[in-house]
Amino acid sequence: MGGYILRRVFQSVLILIGITFLTFILLYLIPADPARQIAGRSATAQTVENIREQLGLNLPFYQQYFRYLTGLLQGDLGRSYLQKTEVGALIWSRLPATLLLMVGAIVCELAIGLTMGLVAALRRNTATDTSLMVLSFVGVSSPQFVIGILLLYVFSVQLGWFPIGGYGTFMHTVLPSLTLGFLGAGWYSRMMRSSMIDVLRQDFIRTARAKGLKRWQVLFGHALPNALLPIIAMIGIDIGLFMSGIVVVESVFGWPGIGQLAWQAIQRVDIPIIMGVTLVSAFAIVLGNFLADLIAPLIDPRIKLR
């Protein structure tokens, strides 16, 4: 167990370093000039060059990257070019909103998706199964802003049940979470249906039925725990995706999360913020998958960590 954890930690560090390198080189190659963005359109060439020199943007790529890694090892994510604030502080200030939205979205997509997938598997090849899978396809195919605007129009404008936007209370959380939950539920329902159908065909399910166990005991005591194993890995990936923030949803609902911070930084070519958000998102994905691998053996003891 200890050796497995050490190997995974080492692999995770290599992955994060590789992500920082790829992100840094892509930002280095983009034609946009951060110094020009800071100086403004009316600035002289000399002013732009002075800003570039102050920020170290005139250095070769390897020197800029080495400086970034050196600061990173010291826990320094850099300083925003435009906001003149530490990137770590900016991300930390947006983190509670992002975590709240992440938890709400995962709860919604699991509640909707797993229920749909379970019902579809139990009623396979029926009109119910077909209808649920069509609804799942609509969910995964719908643009985020369309679902968000529809929910806002119906439940906020017409019915007045929820606030139109903002952040701070449980009521503000419901519609953004449902938007993301409906979009993610389609993937979970399809995965749950396939996994449950496969598990129900296994020999141990027939053995459980032959022992005279009730249907709900076979379903929830034997079939469901095994069918959930692929779902755990999907949750690990979703943690990283939601940590990076869903930019469109945050924009529609005025949600002050990390995704909105990243979008603003991209528009302004604020490289330190882009790097910081990318690194935090990558770390969340790596951590989510690592936790999923540790949880899987608790659900199914046959799975061994190697």
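**Exercise 1. Aromatic pairs**

Task: In this predicted model, find how many aromatic pairs a search of the whole structure gives, then work out how Phe21 and Phe61 are arranged.

Solution.
Step 1. The search of the whole structure returns 8 aromatic pairs.
Step 2. Between Phe21 and Phe61 the distance is 5.8 Å centre to centre, and the angle between the planes is 75°. Planes over 60 degrees apart count as edge-to-face, and Phe21 and Phe61 form a pair of that kind.
Step 3. Phe21 belongs to helix 1 and Phe61 to helix 4, so this pair ties together parts 40 residues apart in sequence.
Step 4. Phe21 has a relative accessible area of 35% and is partly exposed. Phe61, at 17% relative accessibility, counts as buried.

**Exercise 2. A further partner for Phe21**

Task: State what kind of pair Phe21 forms with Tyr65, and which residues make up the aromatic cluster.

Solution.
Step 1. The ring centres of Phe21 and Tyr65 are 5.5 Å apart with the planes at 80°, so the pair is edge-to-face.
Step 2. With Phe21 in helix 1 and Tyr65 in helix 4, the pair links distant parts of the chain, 44 residues apart.
Step 3. Tyr65 has a relative accessible area of 10% and is buried.
Step 4. One aromatic cluster is formed by Phe21, Phe24, Phe61, Tyr65 and Tyr68.

**Exercise 3. The faces of helix 3**

Task: Which residues of helix 3 are buried, and why can they be said to line one face of the helix?

Solution.
Step 1. Val48, Ile51 and Arg52 are the buried residues of helix 3.
Step 2. Viewed down the axis of helix 3, these buried residues fall within an arc of 100°, so they line one face of the helix.
Step 3. An α-helix has 3.6 residues a turn, so residues three or four places apart point the same way.
Step 4. Gln46, Glu53 and Gln54 are exposed on the other side of helix 3.
Step 5. Ala45 is also found in helix 3, and with 62% relative accessibility Ala45 counts as exposed. The C-alpha atoms of Ala45 and Leu294 are separated by 55 Å, and the two residues are 249 residues apart along the chain.
Step 6. After helix 3 comes Gly56, which has a positive phi, near 80°.

**Exercise 4. The largest pocket**

Task: Describe the largest pocket by its volume, its lining and the classes of its lining residues.

Solution.
Step 1. The largest pocket holds about 690 Å³ of space.
Step 2. Its lining has 28 residues, and those nearest the centre are Leu55, Leu57, Gln64, Tyr81 and Pro272.
Step 3. At least two lining residues come from each of helix 1 (2–29), helix 2 (34–39), helix 3 (45–55), helix 4 (61–73) and helix 14 (271–299).
Step 4. Sorted by class, the lining of the largest pocket has 16 nonpolar, 6 polar and 6 charged residues.

**Exercise 5. Two cavities**

Task: How many cavities of 30 Å³ or more does a search of the whole structure find, and which helix gives the largest share of each lining?

Solution.
Step 1. The search finds 2 cavities of 30 Å³ or more.
Step 2. The largest cavity has a volume of about 40 Å³. Among the residues lining the largest cavity are Pro163, Met171, His172 and Phe253.
Step 3. Helix 8 (residues 170–200) gives the largest share of that lining, 4 residues. The lining of the largest cavity divides into 6 nonpolar, 3 polar and no charged residues.
Step 4. The second largest cavity contains about 30 Å³ of space. Its lining includes Gln83, Leu261, Arg268 and Asp270.
Step 5. Helix 13 (residues 258–268) supplies the largest share of the lining of the second largest cavity, 4 residues. By class, this lining has 3 nonpolar, 2 polar and 2 charged residues.

**Exercise 6. Salt bridges**

Task: Find how many salt bridges are counted, and state whether Asp129 and Arg193 are buried or exposed.

Solution.
Step 1. The count comes to 2 salt bridges.
Step 2. Arg79 and Glu86 form a salt bridge in which the closest N and O atoms are 3.3 Å apart. Arg79 counts as partly exposed at 45% relative accessibility, and Glu86 counts as partly exposed at 34%.
Step 3. Asp129 and Arg193 meet through their side chains in a salt bridge of 2.8 Å, N to O. Asp129 lies in helix 6 (residues 127–141) and Arg193 in helix 8, so the pair ties together parts 64 residues apart in sequence.
Step 4. Both Asp129 and Arg193 are buried.

Methods:
Residues are numbered from 1 along each chain as its sequence is written. This is a predicted model: local features need pLDDT of at least 70, side-chain atom pairs count only at pLDDT 80 or more; totals for chains, interfaces and linings use all residues. Side-chain values use heavy atoms; hydrogens and water are left out. On a 1 Å grid over the protein atoms alone, a cavity is a set of points where a 1.4 Å probe fits but cannot get out, and a pocket is an open set with protein on both sides within 12 Å along at least five of seven lines; lining residues have an atom within 4 Å of a point. Grid points are joined across faces, edges and corners, and a volume is the space filled by probe spheres set on the points. Ala, Val, Leu, Ile, Met, Phe, Trp, Tyr, Cys and Pro count as nonpolar, Asp, Glu, Lys and Arg as charged, and the others, Gly among them, as polar. Rings of Phe, Tyr and Trp (its six-membered ring) pair if their centres lie within 6.5 Å; planes under 30 degrees apart count as stacked, over 60 as edge-to-face and the rest as tilted. Buried means under 20% relative accessible area, exposed over 50%, partly exposed in between (1.4 Å probe, protein chains only). The arc is that of the directions from the helix axis to the C-beta atoms. A salt bridge is a side-chain nitrogen of Lys or Arg within 4 Å of a carboxyl oxygen of Asp or Glu.
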